[in-house]
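Please keep the sequence and the model in view while reading.

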Amino acid sequence: MTTLNCERPLLAAEGLSKMYGRIIGCRDVSFELYEGEVLAVVGESGSGKSTLLQLLSAQLEPSAGRVVYTMRDGVARDLAKLGEAEQRFLFRTDWGYVHQDPTLGLRMAVSAGANVGERLMAVGWRHYGRIRGAATEWLDRVEIDRDRIDDVPRTYSGGMRQRLQIARNLVTRPRLVFMDEPTGGLDVSVQARLLDLLRGLVFDLGLAVVIVTHDLAVARLLSHRIIVMKGGEVIETGLTDQVLDDPREAYTQLLVSSVLPA
Amino acid sequence: MFAILEVIEARKSFTMHLQGGVCLPAVAGVNFLVHAGECVALIGPSGSGKSSILKMIFGSYRCDEGSIVLRHADTTTDIAASEPRRILALRRDTIAYVSQFLRAVPRVSALDVVAEPLVASGFDRETARARAGIMLQRLNIPERLWPIPPATFSGGEQQRVNIARGFLPVMPLLLLDEPTASLDAGNCDVVVALIAEKKRQGVAVVAIVHDADVRDAIADRVVDVAAFAAAA
């Protein structure tokens, strides 16, 4: 069940900025994300969405501001001040990161089963039968035929690769998943299937998610709240239906009115 | 009886930036109360702002001014001034809303569309599905349609799935936007009976209903929205 009532935010961005020389990556972004909450970051290319995602997931160092994450022991920590072992723990267990391009999130030359099992081994699983069992179960959950468990992802279609990447991320039961345009580059029918699958998993597992997308339909279907970015700054925030049905800023109105009805 | 909902001097306008920043006033000076066990019907011509008022109460439209006060279980919340998280929590346990059209999610079965709000409020999936089935049956959706996503259903069937979804959880406030618009007489009667049950349970109901017969059957009072449009 989704729990939105926890007192302490799971993740908090405080005045996050990133400058690339004189170019603004993003400027003064602040928000809080609670357990079980799905936040969509929308905006056009170059609006700073991906920079923000990299700052939040400690892959980039901010020029100013900080990211605070509440660890499993309930202690809120500044990401920049975590030790290497603690950071590794976050990446291997507590966080997932779904790339737009599944070849970045998968190991293309090892089997699907090993791709999923690897994350379990990284957190100490040793029993081959149990690892294979868990991998099989996850292939089922992401609707990949179990017979394909020993095949390498090179032999998979784009949609299957993306679903495998999701299984690899979720097998360790993370509390927070970052997603960078997870449905980008897929056929529309494949996109719809992936979205429904994601929606079900996020809901069932009570995941907190930060999802970067330029597709407002994706934001509508998956997210509770939306942040609209333009030129590296947050220009509008609110509940998903508030932002999409009652957009206030000129740019948000442009985004919403530019969607062609099917 | 106490007021579950109190709308005080609420105002809403839309600034259309893409049309040269023209400001379209929707409603202003909106004032009304809804007590527990009472149904208030919003009346007025199309475009007078009835749906906008419902959306302001549900939190999907933001209020420019005024307050929308919800009293429930010893807590008082001003929806117009609430954080998104608070509004999400209210939608989970306090406010049910039946929109004019079902926003169908691909691949989710009609049964699960109806069961979903119960699951979100903490019921286990099997109980929620069992109750969803009973509600769908009352609304004459044949069992063979339950496993099918409602996207392919007729307008009337979709609307009944939408009604089942909104009516299944027991929430203190129920918002209805034209729930009977695309229903035949028999199904209208079912909805009228469901609303009467809600009122007996102490639910406060705000409804937009064009059909005068249905309105007479359910409404304890009417609020004429035209008065708020004139002030806007």
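**A covered helix in chain B**

Helix α5(B) is mostly covered, since 11 of its 13 residues are buried; a residue is buried if 20 or more other C-beta atoms lie within 10 Å of its own, exposed if 12 or fewer, and partly exposed in between, with C-beta atoms placed from the backbone. Helices (H or I, at least four residues) and strands (E, at least two) are DSSP runs, numbered from the N terminus. The structure is a predicted model, in which local features need pLDDT of at least 70 and side-chain atom pairs count only at pLDDT 80 or more, while totals for chains, interfaces and linings use all residues. Residues are numbered from 1 along each chain as its sequence is written, and chains are lettered from A and ligands numbered from 1 in the order in which they are written.

**More on helix α5 of chain B**

- The buried residues of α5(B) include B:Val161, B:Ile163, B:Ala164 and B:Phe167, and B:Glu157, B:Arg160 and B:Arg165 are also among them.
- These buried residues pack against four elements of chain B, namely β6 (95–98), α3 (110–120), α4 (125–138) and α6 (185–200).
- The end C-alpha atoms of α5(B) (residues 155–167) are 18 Å apart, which agrees with the 18 Å that its 13 residues should span at 1.5 Å a residue; the expected span is 1.5 Å times one less than the number of residues.

**Chain B as a whole**

- Chain B contains eight helices and nine strands.
- The radius of gyration of chain B is 18 Å, close to the 17 Å that the globule rule gives for 232 residues, so the chain is as compact as a globular protein of that length. The radius is taken over C-alpha atoms, and the globule rule is 2.2 Å times the number of residues to the power 0.38.
- Taken along the principal axes, the C-alpha atoms of chain B fill a box of roughly 50 × 40 × 35 Å.
- Among the 232 residues of chain B, 44% count as buried.
- Of the contacts in chain B with a separation of 6 or more, 72% join residues 24 or more positions apart; two residues are in contact if their C-beta atoms, placed from the backbone, lie within 7 Å.

- Five strands of chain B form an open sheet with parallel pairing, in the order β6-β7-β8-β3-β9; two strands pair if DSSP finds at least two bridges between them.
- The edge strands of this sheet are β6 and β9 (221–224) of chain B, each of which pairs on one side only.
- From one strand to the next, the twist averages 20 degrees; axes are lines fitted to C-alpha atoms, for helices over the stretch in contact, and angles run from 0 to 180 degrees between N-to-C directions.
- Strand β3 (residues 39–43) of chain B pairs with β9(B) in the parallel sense over four bridges, and B:Ile43 stands opposite B:Asp224 in β9(B).
- Helix α1 (residues 50–58) of chain B has eight of its nine residues buried, so it is largely enclosed by the rest of the structure.
- The buried residues of α1(B) include B:Ile53, B:Leu54, B:Met56, B:Ile57 and B:Phe58.
- Just after α1(B), B:Gly59 takes a positive phi of about 90 degrees.

**Chain A**

- Chain A has 10 helices and 10 strands.
- The radius of gyration of chain A is 18 Å, close to the 18 Å that the globule rule gives for 262 residues, so chain A is as compact as a globular protein of that length.
- The C-alpha trace of chain A spans about 55 × 50 × 40 Å along its principal axes.
- Buried residues account for 43% of the 262 residues in chain A.
- An open sheet of four strands in chain A has the order β2-β1-β4-β5 and antiparallel pairing.
- Its edge strands are β2 (23–33) and β5 (76–78) of chain A, each pairing on one side only.
- Strand β4 (residues 64–70) of chain A pairs with β5(A) in the antiparallel sense over three bridges, and A:Tyr69 stands opposite A:Arg77 in β5(A).
- Helix α1 (residues 49–56) of chain A packs on the sheet, touching β1 (11–20), β2 and β4 of chain A, and its direction makes about 125 degrees with that of β1(A).

**Where the chains meet**

- In chain A, 20 residues are in contact with 17 residues of chain B.
- The elements giving two or more residues to the side of chain A that touches chain B are α7 (188–205), β10 (233–239), α9 (240–245) and α10 (250–257) of chain A.
- On that side, α10(A) gives the most, with four residues.
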